[in-house]
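Here are a few exercises to work through with the model on your screen. Try each task yourself before you read its solution.

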Amino acid sequence: QVQLVESGGGLVQAGGSLRLSCTASGRTLSMDHMGWFRQAPGKEREFVAAIDWNSGTTSYADSVRGRFTISRDNAKNTVSLQMNSLKPEDTGVYYCALNPSRSSHVARAPVLYNYWGQGTQVTVSS
C-alpha cells in the first residue's frame with residue numbers, strides 16, 4: 001500500500017524559508033506525478049507545484065512561481081518543496097500527493113491525485 005509522509009512544516013516569519021519533504025513508501029516512484037497542495041481554513045484546496053518523476057518537468061501555481069522550487073530525489077523516493085520569501089497568505093496545511101500517470105502533462109487538479117499524505121502545517125506570521 002502506498003504511503004506518503006510529509007515533514008518540514010512549522011512556524012516562520014514573513015520573508016523566511018521552509019523546506020518540506022515527502023517520502024513515498026510501498027511504491028518506487030517512476031511513471032508518476034508528485035504534487036504539493038495546500039488548504040487554508042475556509043478555502044478550497046489549491047494546487048501549489050508538481051513534478052513529473054520521469055522527465056523532471058515541473059509546474060507551479062502563479063502565486064508561488066519564483067519563490068517555491070519543487071525537486072525530486074530518486075534515490076530516496078522523496079519530493080521536496082523549497083519555499084522562500086514566504087508570505088502570510090502561504091499559511092495552510094500542505095499535502096503531498098501522488099498521481100500514477102504516464103502522461104507528460106503535469107496534472108494540477110486535486111481529483112486526479114489518488115494518494116495523499118496526512119499534511120503538514122505551515123504558518124507564516126506577519
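**Exercise 1.** Is phenylalanine 47 buried or exposed?

*Solution.* Before starting, note that this is a predicted model, where local features need pLDDT of at least 70 and side-chain atom pairs count only at pLDDT 80 or more, while totals for chains, interfaces and linings use all residues. Residues are numbered from 1 along each chain as its sequence is written, and side-chain values use heavy atoms, with hydrogens and water left out.

Step 1: get the cut-offs. Buried means under 20% relative accessible area, exposed means over 50%, and partly exposed is in between (1.4 Å probe, protein chains only).

Step 2: apply them. Phenylalanine 47 has 9% relative accessibility, so it counts as buried.

Step 3: Phenylalanine 47 sits in strand 5; strands here are DSSP runs of E with at least two residues, numbered from the N terminus.

Step 4: look around. Leaving out residues up to four places away in sequence, phenylalanine 47 touches Trp36, Phe37, Ser59, Tyr60, Ala61, Ala107 and Arg108 (contact means heavy atoms within 4.5 Å). Take Ala61: the C-alpha atoms of phenylalanine 47 and alanine 61 are 6.4 Å apart, with 14 residues of separation along the chain.

**Exercise 2.** Find out which strands pair with strand 4, and say how they run.

*Solution.* Step 1: know the rule. Two strands pair if DSSP finds at least two bridges between them.

Step 1: take strand 5 (residues 46–52). Strand 4 pairs with strand 5 over six bridges, in the antiparallel sense. Phenylalanine 37 is the residue opposite phenylalanine 47 in this pairing. The two strands make a hairpin with six residues between them, and glycine 42 in the turn has a positive phi of about 80°.

Step 2: take strand 9 (residues 92–99). Strand 9 is also antiparallel to strand 4, with seven bridges joining them. Here glutamine 39 faces valine 93.

Step 3: check the surroundings. Of the seven residues of strand 4 (residues 33–39), six are buried, so the strand is largely enclosed by the rest of the structure.

Step 4: zoom in on one residue. Methionine 34 belongs to strand 4, and at 0% relative accessibility it is buried. Beyond its neighbours within four places in sequence, methionine 34 has contacts that include Leu4, Cys22, Trp53, Ile70 and Tyr113.

**Exercise 3.** How many salt bridges does the rule give?

*Solution.* Step 1: state the rule. A salt bridge is a side-chain nitrogen of Lys or Arg within 4 Å of a carboxyl oxygen of Asp or Glu. The count comes to five.

Step 1: look at arginine 27 and aspartate 32. Their closest N and O atoms are 2.8 Å apart. Aspartate 32 is buried at 0%, while arginine 27 is partly exposed at 31%.

Step 2: move to arginine 38 and glutamate 46, which meet at 2.6 Å, N to O. Arginine 38 is buried at 5%, and glutamate 46 is partly exposed at 29%.

Step 3: Aspartate 62 is exposed at 63%, and arginine 65 is partly exposed at 47%.

Step 4: look for shared partners. Salt bridges link Arg38, Glu46, Arg67 and Asp90 into one network.

**Exercise 4.** Which residues line the largest cavity?

*Solution.* Step 1: list the lining. The residues are Arg38, Gln39, Ala40, Lys43, Glu44, Glu46, Glu89 and Thr91. A cavity is a set of points on a 1 Å grid over the protein atoms alone where a 1.4 Å probe fits but cannot get out, and lining residues have an atom within 4 Å of a point.

Terms used:
On a 1 Å grid over the protein atoms alone, a cavity is a set of points where a 1.4 Å probe fits but cannot get out, and a pocket is an open set with protein on both sides within 12 Å along at least five of seven lines; lining residues have an atom within 4 Å of a point. Helices (H or I, at least four residues) and strands (E, at least two) are DSSP runs, numbered from the N terminus.
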